[in-house]
Amino acid sequence: MKQTWRWFGAADAISILEIRQAGAEGIVSALHHIPTGDVWSIAEIRKRQDEVSIKDGQPTGVSWDVVESLPVSEAIKSQSGPYREHLDAYRQSLKNLAECGIHTVCYNFMPVLDWTRTELATRLDHGGTTMSFDLIDFIGFDCFILERVAAAADYSDAIVEQARERTASLPDTGKTQLVQNIVAGLPGANDNWTLGEVRSHLAIYQSTPADQLRSNLVDFLSEVVPTAEALGLKLCCHPDDPPFPIMGLPRVMSSQADYRYVMSAVDSEASGITFCTGSLGVATSFDPVSFIKELGPRIHFAHLRNTKRDGPSDGERHSFHEAEHLNGDTNMVATVHALLHEQIRRKAEGREDCIIPMRPDHGQALASDLERPMMPGYPLIGRLRGLAELRGVIAAFEEVHA
Ligand code: DNO
């Protein structure tokens, strides 16, 4: 696997040289400053490539390998407003990326909100911090702060009651913090919504059943995959995070069955998967090895991260925190083994893409991470630890297979 690292550009407090010291071999990045729906120009792409590859006139030794993400606009997801214009812009951005030599493009199809957490710095026993999703806090936000109409009907009465008590006991500062954590837009998220904007965006999807959103996703792919095929690009869809419906919004990429459906509806290698174990692994039904056995040929990018379900659940909705990379509900060693096996299978098949790019994804904030600015989830030491542990597992398997 190619060991990559997400870098947010000049706004990122971590430098490319620190990333090299962490042992990363490639960079994952995006042009977050370009509004969703606009074209990524060749000039802007080249500028980021230079920021990645050259420092003080010297080569850094890494290049921009994977785009995460080329965001899909709400207009495209909901097939409204400037839908057609945004599709044209998306295709043009793909052309420009290919022109600049970047061939792997991640995106997601979560309406309104990208990844969602209720707490960005939950204290761990050893003093470090991690991000977490507390279902009671989230339901409290949904029912009693956002006051979404009929929200309570989505949950069991008992848990809504607990959420009512929890929210009532929160001081105003606690409520503001919770809103901030949930809707203010985490790094890499599509947009920065205010509470009012969230309400109006939710309204757009009020009468959109999951089947409709799924068919909009298939339509989007039918529009852009021929372009990607012609350019030799690989698109890869990131799963819903967390992998269950939130705020009454439909979610359609939460499980192996969801991926099976979309991968067969648009059956092209150019339409693939970002295999994010941290997102999919929150579901009790997630089986990484079975997923890779069935859909491995379509995995173009892997996020190797672990989570642990740790609090109250309500049906398939769970509380969880981001665990150490080798120590959560997902068997990471078995996952890495299955991915390495997929690479060997590709090699035997003569495929050119037999090295899958992966990144350690998020990390816990550890040691000096706690003393320097960082994007939530994207500290230096915590990710360095995660990457080092994953690298150890990979090296061990490679030794045995050799
Ligand atoms: C969080 C990320 C997501 C991801 C997008 C992909 O850290 O994994 O923001 O980049 O969902 O489109």
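Mentor: One thing before we start: helices here are DSSP runs of H or I with at least four residues, strands are runs of E with at least two, and both are numbered from the N terminus. Keep in mind, too, that this is a predicted model.

Trainee: Fine. Where does Ser69 sit in those terms?

Mentor: Ser69 is in the loop between strand S5 (64-68) and helix H3 (74-78).

Trainee: And what is the peptide bond from Glu68 to Ser69 like, with omega near -5°?

Mentor: That one is cis. There's also a cis bond joining Asp241 and Pro242, where omega is about 0°. Pro242 belongs to the loop between strand S9 (234-238) and helix H10 (256-265).

Trainee: What makes Val112 stand out in its backbone angles?

Mentor: Its phi is near 65°, a positive value in a residue that isn't glycine. You'll find Val112 in the loop between S6 and strand S7 (119-123).

Trainee: On to the ligand. Which residues are closest to the ligand?

Mentor: Glu68, Ser69, Asn108, His362 and Tyr378 are the closest, out of 15 residues that surround it. By class, that shell holds 5 nonpolar, 6 polar and 4 charged residues. Strand S6 (residues 104-108) gives the most to the shell, with 3 residues.

Trainee: What about Arg6 and Asp114, how far are their side chains from ligand oxygen atoms?

Mentor: For Arg6, a polar side-chain atom is 3.2 Å from a ligand oxygen. For Asp114, an N or O atom of the side chain is 2.9 Å from one.

Trainee: How much of the ligand does the protein bury?

Mentor: Taken alone the ligand exposes 330 Å², and the protein buries 100% of that.

Trainee: Now the helices. Why are H5 and H7 called roughly perpendicular?

Mentor: The axes of H5 (residues 135-145) and H7 (residues 172-183) cross at roughly 105° and come within 11 Å. Angles of 65 to 115 degrees count as roughly perpendicular, so this pair gets that label. The contact uses Asp137, Phe138, Phe141 and Ile145 of H5, with Lys175, Leu178, Val179, Ile182 and Val183 of H7. These residues divide into 7 nonpolar, no polar and 2 charged.

Trainee: And what makes H5 and H6 roughly perpendicular?

Mentor: Here the axes cross at roughly 80° and come within 8 Å, with H6 covering residues 157-169. That angle is again inside 65 to 115 degrees, and therefore H5 and H6 are roughly perpendicular. Residues making the contact include Gly140 and Phe144 of H5 and Ala163 and Arg166 of H6. By class, this contact has 8 nonpolar, 3 polar and 3 charged residues.

Methods. Residues numbered from 1 in each chain as written. Predicted model: local features only at pLDDT ≥ 70, side-chain atom pairs only at ≥ 80, totals over all residues. Heavy atoms only, no water. Near = heavy atom within 4 Å. Polar contact = N/O pair within 3.5 Å; in protein donor to acceptor, adjacent residues only side chain to side chain. Areas by Shrake-Rupley, 256 points an atom, 1.4 Å probe, with all protein chains shown as cover. Nonpolar A, V, L, I, M, F, W, Y, C, P; charged D, E, K, R; others polar. Axes fitted to C-alpha atoms, helices over the stretch in contact; angles between N-to-C directions. Parallel < 35°, antiparallel > 145°, perpendicular 65-115°, else oblique. Contact = heavy atoms within 4.5 Å.
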